[in-house]
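User: I'm new to reading protein models and would like to go through this one with you. Could we take it a question at a time?

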Amino acid sequence: MEGVSVRKIKKICVFCGANSGKDVAFVNTAFHLGEVLGKRKIDLVYGGGKLGLMGCVSTAVAQHERQVLGIIPSAFTINNLVGETCGKEIKVATMQERLVMMMELSDAFIALPGGFATLEELFQMISWAQLSIHNKPIGVLNINGFFNGLLSFVDHAVKQEFITPRARKILISATTADELVDKLQAFRFESDPALSKLKWSPSSSQKEKLDLTLRL
């Protein structure tokens, strides 16, 4: 990455499925991502528990002696629904509180294959970046073309002028863990001049309407 300024990333939040998926490559790549983070001395923030791809990536990071933080709604801990978190665990009351805490405690975000919850988390972070609530890099690890349809849809929305070319740059993609982390480190946030003027303070009426409960 000669000649490119590198962003210092100490903690990456990973969004991914609590299932393993149909393709064994999903599991293998989740483990490999955890190994890459560990070797690069990057700590993990994730949704807690040990199910599916979430368990794979958290186990691999812990095996490389990096810190693992699971942020989990208290409802999921009843009857050990999602298994034991691999590392430190913070319990929160709501899904929204969980996502806000993930945003605050992480330097970047990666989405692996997953379902509705993974997509919600990914697009929430993208929309918050577009609104200049944060300026942290966001990427998808496109394992065996899993996100091809999603990326094509986003590009279609750009062509139909619902997403601006500037906002499209927020979402990074790569097919390998090393390439994706490199791209996250090289990311340079380009804010929308109008949206960057929004004031996301506790007294902001916009913030109250969105109920983001931010502490920035």
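Predicted model: local features only at pLDDT ≥ 70, side-chain atom pairs only at ≥ 80, totals over all residues.

User: Is N144 buried or exposed?

Analyst: To count as exposed, a residue needs over 50% relative accessible area. N144 comes out at 59%, so the label is exposed.

User: And E65, where is that found?

Analyst: E65 isn't a glycine, yet its phi is positive, about 60 degrees. Its relative accessible area is 72%, so E65 is exposed. The spot where E65 is found is the loop between α2 and β3 (68-73).

User: What is the relative accessible area of G34?

Analyst: G34 has its place in helix α1. Buried means under 20%. G34 counts as buried because its relative accessible area is 0%.

User: What distance separates the C-alpha atoms of G34 and V14?

Analyst: Along the chain, G34 and V14 are 20 residues apart.

User: V14 makes me curious about the largest nonpolar core. Which element gives the largest share of this core?

Analyst: The largest nonpolar core has 32 residues, and those with the most contacts inside it are I12, V14, L33, L37 and L112. Elements giving two or more residues to this core include β1, α1 (24-39), β2 (43-46) and α2 (52-63). The largest share, seven residues, comes from α1.

User: Back to β6: are its faces covered or open?

Analyst: Take strand β6 (residues 138-141) one side at a time. On one side sit I138 and V140, and both are buried. On the other sit G139 and L141, also buried. That makes both faces of β6 covered.

User: What is the handedness of the crossover from β5 to β6?

Analyst: Strand β5 (residues 108-111) and β6 pair in the parallel sense over three bridges, with F109 having I138 as its bridge partner in β6. Between the two strands the chain passes through helix α5 (residues 116-130). This β-α-β crossover is right-handed.

User: Now the pockets. Which element gives the largest share of the lining of the largest pocket?

Analyst: The largest pocket holds about 270 Å³ of space. Of the 20 residues that line it, the closest to its centre are C16, A18, M54, R98 and A117. The elements giving two or more residues to this lining are β1 (11-15), α4 (95-105) and α5. The largest share, four residues, comes from α5.

User: How many residues in that lining of the largest pocket are nonpolar?

Analyst: Sort the lining by class and you get five polar residues and two charged ones. The nonpolar residues number 13.

User: What about the second largest pocket: which element gives the largest share of its lining?

Analyst: The second largest pocket has a volume of about 180 Å³, and its lining includes F123, I126, F153 and R168. By class, the lining has nine nonpolar residues, two polar and one charged. α5, α6 (148-159) and α7 (165-168) each supply at least two residues. The largest share, four residues, comes from α5.

Key. Residues numbered from 1 in each chain as written. Heavy atoms only, no water. Buried < 20%, exposed > 50% of the residue type's maximum accessible area, 1.4 Å probe, protein only. Pairing = 2+ DSSP bridges. Right-handed = clockwise from strand over helix to strand, strands pointing away. 1 Å grid on protein atoms, 1.4 Å probe; cavity = no way out; pocket = protein on both sides within 12 Å on 5 of 7 lines; lining within 4 Å. Points joined across faces, edges and corners; volume = space filled by probe spheres on them. Nonpolar A, V, L, I, M, F, W, Y, C, P; charged D, E, K, R; others polar. Core = buried A, V, L, I, M, F, W, Y, C linked by side-chain atoms within 4.5 Å.
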